[in-house]
Amino acid sequence: MKQASETKPVRELIIKIETAGLSTRELNNRLREAVTNGVSKIELHNVYGQRYIGTDLNKPVEIEVFGTPGNDLGVFMDGPRIIVRGNAQDGCGNTMNEGEIIVHGHAGDVTGLSARGGKIFVRDSVGYRAGIHMKEYGEKRPVLVIGGSAQDFLGEYMAGGVLIILGLNLGESDMHHITRYIGTGMHGGVIYLRGKITPHQLGKEVGVAELGDTDQATVEKYVGEFASHFGWDAGKILEQRFIKLFPLHLRPYGRLYAY
Amino acid sequence: MKTFLPSKFMVERDPNRCIQCQVCVNQCSFDVHHYDAVDDEVRSREENCVGCHRCVIFCPTHALNIRKNPLDYRENYNWRPEVIEDIIKQAESGGVLLTGMGNDKGYRIYWDHLVLNASQVTNPSIDPLREPMELTTFIGRKPDRLELEKGSLRLKTKLAPQVRLEVPVMFSAMSYGAVSLNVQESLARAATEAGTLWNTGEGGLHRSLYKYSKNTIVQVASGRFGVHPQYLDAAAIVEIKIGQGAKPGIGGHLPGEKVSADVALTRMIPKGTDALSPAPQHDIYSIEDLAQLIYAIKEATNYTKPVSVKIAAVHNSAAIASGMVRAGADMIVLDGLRGSTGAAPKVIRDNVGIPIELALAAVDTRLRQEGIRNQASLVIAGGIRNSGDVAKAIALGADAVYIGTAALMALGCTCCQQCHTGKCAWGICTSDPFLTKRINPDIGARRLVNLLRAWSHELKEILGGMGINAIESLRGNRLALRGVGLTDTELEILGIRMAGG
């Protein structure tokens with residue numbers, strides 16, 4: 001509350017907000033106010049666990065987060081671009097509609113949960129159930145690119161979208177992922193995985209294939225974006241073999257029931 | 001494989017009345033009636049009949065009647081016909097038995113063991129036809145205390161968002177895809193006209209229904225179908241669906257055949273794919289996580305509307321409800337054992353959950369004991385049949401009720417329990433365009449408004465008889481109830497006395 005008196009109509013296009021001591025609600029109010037006033041870039045300093053950053057902002061704005069944003073970063077987000085200079089927690093990009101989240105660090109569990117559009121780039125690794133139930137419709141096709149590796153249930157229940165996992169933390173000699181139950185319940189979308197897995201790590205609804213031309217183009221596009229965000233050499237990443245994981249059925253449970 | 005299942009029903013066609021007009025052939029979506037052109041005769045395949053009565057009602061010469069097949073098995077209290085036939089079905093299909101509508105088993109219906117009070121001699125009853133009578137109900141968090149400005153007596157306390165209902169009866173969540181768009185439009189228009197709310201269920205809000213958004217509850221469920229900022233902004237209330245009375249703990253599979261182009265657009269998933277709602281919401285594994293989603297929605301809508309949380313009534317509902325209120329829910333919904341569904345595994349529907357009357361009493365009692373009952377509105381669902389049930393529910397502690405089955409019955413549903421087949425002959429629970437056009441939203445809305453109007457009048461009669469003139473005075477007033485034919489334990493949980501005492 002102590003910051004409230006300092007809030008006044010902001011004219012600058014770029015502003016900095018010192019967030020130490022601000023509650024989640026106060027911080028999001030400040031963001032709403034800034035965006036309403038036409039600010040195009042906001043730097044948030046000393047962020048320390050405030051949740052839902054980026055929600056309820058319906059104008060294009062870039063938010064650079066220094067510190068550790070709390071859970072549900074960009075929940076229901078509809079257009080902003082968030083750059084995190086640190087780690088994101090659980091639920092990053094939860095039910096996101098449009099926009100971009102670029103995490104210069106790790107992200108927690110259920111990253112990209114039920115995302116419906118937009119892009120999420122995570123430089124390092126993610127927790128459990130990343131990309132769960134991402135979906136797509138027409139041109140709305142969410143993209144999640146993970147630089148490192150993932151915990152179990154990656155892409156569970158996946159219904160659409162593109163999930164790319166690069167395994168850059170695995171070491172170039174072995175390149176073996178340890179994620180289990182990848183794509184369990186998958187019935188849409190596609191996962192491109194760089195590195196090795198053994199079949200028992202996949203959900204029973206998942207098929208494995210080589211990349212076709214369209215796949216290759218998709219991977220090149222998003223790996224290119226990933227590399228430019230985090231200063232990698234895209235060509236070097238693309239030297240390693242990718243495999244494509246896809247749903248075997250659009251109706252995985254169609255034969256489960258008696259009518 | 002030859003099926004060993006006998007017909008459930010017999011179709012009786014009076015040859016003296018039948019004019020071979022084939023209305024029944026066109027009306028039946030289960031392929032019972034068919035026309036033999038060679039013999040110029042309409043015939044029946046009785047084994048397909050589900051007993052929905054569509055043909056009977058539409059037969060212009062009243063030539064048809066549907067009767068239960070009197071075929072008897074040798075009497076056996078354990079191996080009843082339903083048990084035998086379920087086993088046969090599974091032996092022939094290897095599948096999980098699916099069913100529609102609510103639990104049809106003989107669990108005690110407590111409403112039928114509760115009786116209401118009335119004024120005699122010591123206080124006057126009121127005639128609602130001539131005196132004002134108030135059913136207005138406000139849904140939302142109420143403050144712990146009210147502060148007024150000295151002098152002007154203006155309200156100083158900042159109230160949380162409230163939604164006004166003219167009648168404490170709302171329409172239960174029924175998603176687009178499970179029911180047709182014409183059904184949703186009927187519900188939306190009726191809710192708007194009657195001053196109550198309808199609920200989108202978890203299938204998103206069709207673009208043509210945004211104009212009714214002031215009377216709309218939108219759901220955020222595990223599938224997150226059609227959930228986006230405009231959807232949340234449009235609603236009067238946002239409801240987080242954790243569970244459903246017909247299938248506590250179970251997710252949902254909307255079969256791909258029902259995902260038409262328009263359903264796909266509203267849910268924002270590709271046409272023809274299964275719409276899978278996972279059993280849990282994977283960002284909610286605890287009360288703290290629930291609080292996180294409640295406040296995510298509050299932030300996303302800038303604290304402008306109540307957030308509801310709906311659970312199925314289960315053994316420890318009271319403790320869970322306490323957690324829900326403390327997590328920030330402004331409205332909590334309990335859906336009981338008899339709650340209905342468009343499709344659920346039969347074994348779950350018929351065996352999981354607890355009766356809503358007991359859950360309601362337990363939750364209301366618990367929230368009062370903890371001094372937090374004011375912090376959330378309490379809404380119940382699951383088998384509310386008439387205004388008597390509504391009055392008893394309110395006396396037991398509910399702020400309002402949801403009706404689903406009763407609303408669909410107003411539209412023609414006869415509870416044949418075939419919702420899961422997608423072939424509803426009444427055009428309600430289907431996405432087949434040939435069938436959905438059977439519901440005309442003009443007429444549908446009229447029938448629903450009529451039902452609410454009738455129940456409102458009856459509620460006013462009940463209140464008047466008790467000598468009270470506002471539903472607020474009945475709310476949580478368990479002295480207005482007495483029990484008949486209940487055990488001491490049942491009376492204790494319901495928090496009421498035995499009739500006569």
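Chain A comes to 3 helices and 12 strands, where helices (H or I, at least four residues) and strands (E, at least two) are DSSP runs numbered from the N terminus. Its radius of gyration is 19 Å, close to the 18 Å that the globule rule gives for 259 residues, so chain A is as compact as a globular protein of that length. That radius is taken over C-alpha atoms, and the rule is 2.2 Å times the number of residues to the power 0.38. Bear in mind that this is a predicted model: local features need pLDDT of at least 70, side-chain atom pairs count only at pLDDT 80 or more, and totals for chains, interfaces and linings use all residues. Residues are numbered from 1 along each chain as its sequence is written, while chains are lettered from A and ligands numbered from 1 in the order in which they are written.

**Chain A overall**

- The C-alpha atoms of chain A fill a box of roughly 60 × 50 × 30 Å along the principal axes.
- Take the contacts in chain A with a separation of 6 or more: residues 24 or more positions apart account for 42% of them. Contact here says that two C-beta atoms, placed from the backbone, lie within 7 Å.

- Chain A has an open sheet of 11 strands with mixed pairing, in the order 1-2-3-4-5-6-7-8-9-11-10. Two strands pair if DSSP finds at least two bridges between them.
- At the edges sit strand 1 (14–18) and strand 10 (206–209) of chain A, each pairing on one side only.
- On average, neighbouring strands in this sheet are turned by 15 degrees against each other, direction ignored. Axes are lines fitted to C-alpha atoms (for helices, over the stretch in contact), and angles run from 0 to 180 degrees between N-to-C directions.
- Strand 7 (143–146) and strand 8 (159–165) of chain A pair in the parallel sense over 4 bridges, with Ile146(A) opposite Ile165(A) in strand 8.
- Helix 2 (213–230) of chain A lies across several strands, including strand 5 (98–103), strand 7 and strand 11 (242–247), and runs at about 60 degrees to strand 8 of chain A.

**A look at Ser40(A)**

- Ser40(A) is in the loop between helix 1 (24–36) and strand 2 (41–48) of chain A.
- With 14 other C-beta atoms within 10 Å, Ser40(A) is partly exposed.
- Setting aside neighbours within four places in sequence, Ser40(A) is in contact with Leu13(A), Ile14(A), Val61(A) and Glu62(A).
- Pro80(A) is 40 residues away along the chain, yet its C-alpha atom is 9.7 Å from that of Ser40(A).

**Chain B overall**

- Chain B has 15 helices and 21 strands.
- The C-alpha box of chain B is roughly 90 × 55 × 45 Å along the principal axes, and 52% of its 501 residues count as buried.
- Among contacts in chain B with a separation of 6 or more, 68% come from residues 24 or more positions apart.
- Chain B is divided into domain 1 (9–95) and domain 2 (137–144 + 167–472), with bounds from an automatic or database domain assignment.
- The centres of these two domains, over C-alpha atoms, are 33 Å apart. Their contact takes 9 residues from domain 1 and 7 residues from domain 2 of chain B.

**Where A meets B**

- 34 residues of chain B are in contact with 41 residues of chain A.
- On the chain B side, helix 7 gives the most, with 4 residues.
- That side has 16 nonpolar, 13 polar and 5 charged residues. Nonpolar covers Ala, Val, Leu, Ile, Met, Phe, Trp, Tyr, Cys and Pro; charged covers Asp, Glu, Lys and Arg; polar covers the others, Gly among them.
- The chains also share an open sheet of 3 strands with mixed pairing, in the order 12(A)-5(B)-17(B). Its edge strands are strand 12 of chain A and strand 17 (344–345) of chain B.
- Strand 12 (257–258) of chain A pairs with strand 5 of chain B in the parallel sense over 2 bridges. Tyr257(A) stands opposite Val96(B), and Leu97(B) is the bridge partner of Ala258(A).

Note on methods:
A residue is buried if 20 or more other C-beta atoms lie within 10 Å of its own, exposed if 12 or fewer, and partly exposed in between; C-beta atoms are placed from the backbone.
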